Amino acid sequence: MPELLRPGSVDEAAGLIGSHGAAAAVLAGGTSLLREIWPSDAGYLIAVDGLGLDRVEARDGGWSIGAAVPLRALREAVPIPALQAATREIGGPAVQNMATVGGNLFARAPFGDLAPALLALGADLVFASADGEATQPIDAFYAAWSDGAPPRAGLLIRIELDEPAGASAYLKCARRRYSTPSVVTVAACVETDGGTVSAARVALSGASAAPFRCGAAERAVIGSALDDAAMAAAAAAAEAAVTPATDPVATDWYRRRMAGVFVRRVLAQLA
Ligand SMILES: Cc1cc2nc3c(=O)[nH]c(=O)nc-3n(C[C@H](O)[C@H](O)[C@H](O)COP(=O)(O)OP(=O)(O)OC[C@H]3O[C@@H](n4cnc5c(N)ncnc54)[C@H](O)[C@@H]3O)c2cc1C
C-alpha cells in the first residue's frame, strides 16, 4: 500500500513531489484516486488538505481559486453561469462536497466535466515545484496531454480566473440526468458588439482524448450575428474537429454527433 504523507506547506509538498517523482501521487478529494490506488505504481500519496488551498479569494476583476476547493464551494463562491452549471453536473451532492477543482482538472475521459467551463472562461493554472511557481494557460495544459493522460505537471495550487467579459453557458450530454459520466460536455463564452459576435471561446470534454478549445467552432461565429446559420456552422465545425473514443458510455459515432448538437444548443442559450 502507498504511504500517506501530509506536508504542512506548499513548499514542502512540492519538494516531496520533486524528490519522489513518478512514485508520488497527489491526493485531493480522493474520489477518483482512491479507486485507482490498488494496484498502483504510487508509493506515496501527497495529501493537499493541509496546504491552505481550500479557499476562493475574490480579487480585483476576478477570483483566485485554491486547487483543493470542493466543487460545491466553488459553485457558492463564483457566480459565473457556466461554472455553476458545470459543478452541478458532476456526480451527486456527496461527490460535489468531496471532489476538488484540482482533482477534476486531472480527471481522464469520460470524466473531467469542469474543464470546458474553465477553458471557455480562459482560466490560468498556477503550479508549484521546487523551482517556484509557474503559470500556464489552461489551453496549454490540456494541449500537452498525451494518450488522454496529463503530463507530470507537479502540484496545481490555484486557478486564476478573470470576470468574463461576455455571457457563458454550459451543457452536459449524458445517458441519465444525475450522477452519470458524460457523452460530451460543452461550454461557451461569447462577447457581442452591436449584435455581432466579437469574441468567442467554445470548449468540449469527452469528445477527444483531452478537453480542448474548438477554434473552428469559434471562428464560425465570430464576426456574424449569433443566428441559426452561424450556430449550424459552429456545430458542423465541432463535429469535424473532435476525435472521440468508443467506451461503455457511448460510441465515437454518437459522441461526434452529440458534440455538434450540444455546441449548437449551448450557443443557442447565449443568442
Ligand atoms: C460516484 C462518482 C460520480 C462521479 N461523477 C463524475 C462526473 O459526473 N463528472 C466528472 O467529471 N467526474 C466524476 N467523477 C470523478 C471524480 O469524482 C471527479 O473527477 C473529481 O472531481 C476528482 O476530484 P478529487 O478531488 O476527488 O481528485 P482525486 O481523486 O484526489 O485525484 C484525481 C487526480 O487528480 C490529481 N490531483 C488532484 N489534485 C491535484 C493537484 N492539486 N495537483 C496535481 N494533481 C492533482 C491526483 O493525483 C489524481 O491523479 C465521479 C466519481 C464518483 C466516485
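Helices and strands are here DSSP runs, a helix having at least four residues and a strand at least two, and they are numbered from the N terminus. With that convention, Ser179 is found in the loop between strand E9 (167-174) and strand E10 (182-193). The model is a predicted one, and Ser179 shows in it a phi near 45°, a positive value in a residue other than glycine. Ser179 counts as partly exposed, because 14 C-beta neighbours lie inside 10 Å.

The domain assignment divides the protein chain into domain 1 (3-47), domain 2 (56-162) and domain 3 (167-268). Between the C-alpha centres of domain 1 and domain 3 there are 34 Å. The ligand lies between domain 1 (3-47) and domain 2 (56-162), because both of these domains give residues to the shell around the ligand.

Which residues come nearest to the ligand? Of the 29 residues around the ligand, these are Gly29, Ala99, Gly103, Asn104 and Phe106. Two or more residues of the shell are given by each of E2, helix H5 (93-98), helix H6 (101-105) and E8. In its make-up, the shell around the ligand divides into 17 nonpolar residues, 11 polar residues and one charged residue.

Helix H1 spans residues 10-20, and within this helix Ala13, Ala14 and Ile17 are buried. These three cover an arc of only 95° around the axis, which means that they sit on the same side of H1. As a rule, an α-helix has 3.6 residues a turn, so residues three or four places apart point the same way. The cover over the buried residues of H1 includes strand E2 (24-27), strand E3 (44-47), strand E6 (124-129) and strand E8 (155-162). After H1 comes Gly21, whose phi is positive, near 55°.

E6 and strand E7 (residues 132-137) pair in the antiparallel sense over six bridges, and the two strands form a hairpin with two residues between them. In this pairing Ala128 stands opposite Glu133 in E7. E6 is also joined to E8 by five bridges, and these strands run antiparallel, with Phe127 standing opposite Leu156 in E8. Strand E5 (residues 62-66) is likewise joined to E8 by five bridges in an antiparallel arrangement, and here Gly66 stands opposite Arg158 in E8. How many of the eight residues of E8 are buried? Six of them are, and E8 is therefore mostly covered, a residue being buried if 20 or more other C-beta atoms lie within 10 Å of its own.

Leu51 has its place in the loop between E3 and strand E4 (56-59), and Leu51 is buried because 23 other C-beta atoms lie within 10 Å. Leaving aside residues up to four places away in sequence, Leu51 touches Pro7, Ser9, Val10, Ala13 and Ala68. One of these contacts, Ala13, is itself among the buried residues of H1. Leu51 and Ala209, by contrast, are 158 residues apart in sequence and 31 Å apart in space, C-alpha to C-alpha.

Pro110 lies in the loop between H6 and helix H7 (115-120), and the peptide bond that joins Ala109 and Pro110 is cis, with omega about 10°. Asp147, in turn, has its place in the loop between helix H8 (138-143) and E8. Although Asp147 is not a glycine, its phi is positive, about 55°. Is Asp147 buried or exposed? Asp147 counts as exposed, because it has 7 C-beta neighbours inside 10 Å.

Methods. Residues are numbered from 1 along each chain as its sequence is written. This is a predicted model: local features need pLDDT of at least 70, side-chain atom pairs count only at pLDDT 80 or more; totals for chains, interfaces and linings use all residues. A residue is buried if 20 or more other C-beta atoms lie within 10 Å of its own, exposed if 12 or fewer, and partly exposed in between; C-beta atoms are placed from the backbone. The arc is that of the directions from the helix axis to the C-beta atoms. Two residues are in contact if their C-beta atoms, placed from the backbone, lie within 7 Å. Domain bounds come from an automatic or database domain assignment. A residue is near a molecule or strand if its C-beta atom, placed from the backbone, lies within 6 Å of it. Ala, Val, Leu, Ile, Met, Phe, Trp, Tyr, Cys and Pro count as nonpolar, Asp, Glu, Lys and Arg as charged, and the others, Gly among them, as polar. Two strands pair if DSSP finds at least two bridges between them.
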